[in-house]
Every structure is written in C-alpha cells, then in structure tokens.
Amino acid sequence: QVQLVESGGGLVQTGGSLRLSCAASGRTLSNYVMGWFRQAPGKEREFVATIHWDGHTYYAQSMKGRFTISRDNAKNTVWLQMNSLKPEDTAVYYCASGGQLSTVGNQYAYWGQGTQVTVSS
C-alpha cells in the first residue's frame with residue numbers, strides 16, 4: 001500500500017509559478033511510475049505528466065515547456081514545477097503511482113487527495 005500526499009497548491013496570478021510536491025509513504029517509490037493529473041470543475045480528469053522510475057518523462061502537449069516533473073527516489077518525493085500559469089490551469093491536481101508509464105488514469109493504482117491550484121486572470 002502506498003499513501004500519497006500532495007502539497008504546494010494555492011492561488012497565483014496569470015504568468016506565475018507553483019511547485020507541487022507529492023510525498024509518499026508505505027513503500028519506496030523507486031519501482032513506481034509517478035504521474036500528475038488534474039481535474040477542473042465540471043470537466044473530466046486530465047493527464048498532466050508522468051515520470052518513470054528511471055527518470056524518463058512524458059507530458060501532455062499543453063503542458064510541454066511550462067511544466068516539469070521530477071522525482072527523488074531517496075526522498076520518496078515527486079514534484080511538479082508549473083511555470084507561466086494560465087487561468088485554464090485552474091484545477092485540483094492529483095499525484096498518482098503505478099506500474100507503467102501511461103497517460104491513462106486507471107493505469108495508476110494509488111492516488112493522493114489532491115491539491116487545489118487556482119490561477120487568477
């Protein structure tokens with residue numbers, strides 16, 4: 001069993017930055033793929049980024065160049081650096097862990113509770 005806890009969300013103006021953290025407990029993350037997803041009000045959950053245990057990353061097209069996913073297996077932590085934020089980035093952001101690199105949410109077995117990101121115009 002893996003427990004994931006996100007933090008770092010908040011209110012930021014358009015063009016600003018936030019760094020989300022996802023701390024894991026229960027098991028080491030070193031053998032897991034980690035992903036970030038988001039869900040805006042009234043919309044379906046959306047893939048943001050994912051990182052393999054070996055460091056290989058993959059991003060949703062709209063986040064490329066603005067968001068950076070990283071991890072420190074020794075610290076059991078994953079981060080999502082978000083720059084040049086836009087109002088349409090407003091959502092609850094979720095951290096997830098799974099066994100294979102995927103953009104599909106149901107491929108991830110464990111999920112955090114989410115952290116709210118609000119970007120004001």
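Modeller: Happy to! One term comes first: a polar contact is a pair of N or O atoms within 3.5 Å, and within protein one of them must be able to donate a hydrogen and the other to accept it. Please also keep in mind that this is a predicted model.

Let's start at E6, which belongs to strand β1, residues 3-7. E6 is buried yet has no salt bridge. Where is the nearest side chain of opposite charge? That side chain is R45, and it is 10.0 Å away. For comparison, a salt bridge needs a side-chain nitrogen of Lys or Arg within 4 Å of a carboxyl oxygen of Asp or Glu.

What E6 does have is polar contacts with the backbone. Its side chain reaches the backbone nitrogen of G114 at 2.9 Å. A polar atom of the E6 side chain also lies 3.0 Å from the backbone nitrogen of Q113. Setting aside neighbours within four places in sequence, the residues in contact with E6 include S21, C22, C95, G112 and T115. W36 and Y93 are also among them, and those two lead us onward.

W36 and Y93 are part of the largest nonpolar core, which has 35 residues. Together with L4, M34, L80 and M82, they touch the most other members of that core. The elements giving two or more residues to this core are β3 (18-25), β4, β5, β7, β8, β9, β10 (108-111) and β11 (115-120). Y93 shows how these pieces meet: beyond its neighbours within four places in sequence, its contacts include E6, W36, V48, L80, M82 and V117.

Because 5 of its 6 residues (46-51) are buried, β5 is largely enclosed by the rest of the structure. It runs antiparallel to β4 (residues 33-39), and 5 bridges join the two. M34, which we met in the core, has I51 in β5 as its bridge partner. These two strands form a hairpin with 6 residues between them, and G42 in the turn has a positive phi of about 75 degrees. β5 also pairs with β6 (residues 57-59), again antiparallel, through 3 bridges. There, the partner of A49 is Y59. This second hairpin has 5 residues between its strands, and G55 in its turn has a positive phi of about 100 degrees.

Positive phi values also turn up in residues other than glycine. One is N76, with phi near 55 degrees, in the loop between β7 (67-72) and β8 (77-82). Is N76 buried or exposed? Its relative accessible area is 14%, and buried means under 20%, so N76 counts as buried. Its side chain has a polar atom 3.1 Å from the backbone oxygen of R27. Away from its sequence neighbours within four places, N76 is in contact with C22, A23, A24, R27, T28 and L29. C22 is a contact of E6 too. The C-alpha atoms of N76 and S25 are separated by 7.4 Å, although these residues are 51 apart along the chain.

The other example is S84, whose phi is near 50 degrees. S84 lies in the loop between β8 and β9 (91-98) and, at 41% relative accessibility, counts as partly exposed.

Conventions:
Residues are numbered from 1 along each chain as its sequence is written. This is a predicted model: local features need pLDDT of at least 70, side-chain atom pairs count only at pLDDT 80 or more; totals for chains, interfaces and linings use all residues. Side-chain values use heavy atoms; hydrogens and water are left out. Buried means under 20% relative accessible area, exposed over 50%, partly exposed in between (1.4 Å probe, protein chains only). Helices (H or I, at least four residues) and strands (E, at least two) are DSSP runs, numbered from the N terminus. Two strands pair if DSSP finds at least two bridges between them. Lys and Arg count as positive and Asp and Glu as negative; His and the chain ends are not counted. Contact means heavy atoms within 4.5 Å. A nonpolar core is a set of buried Ala, Val, Leu, Ile, Met, Phe, Trp, Tyr and Cys residues joined through side-chain atoms within 4.5 Å.
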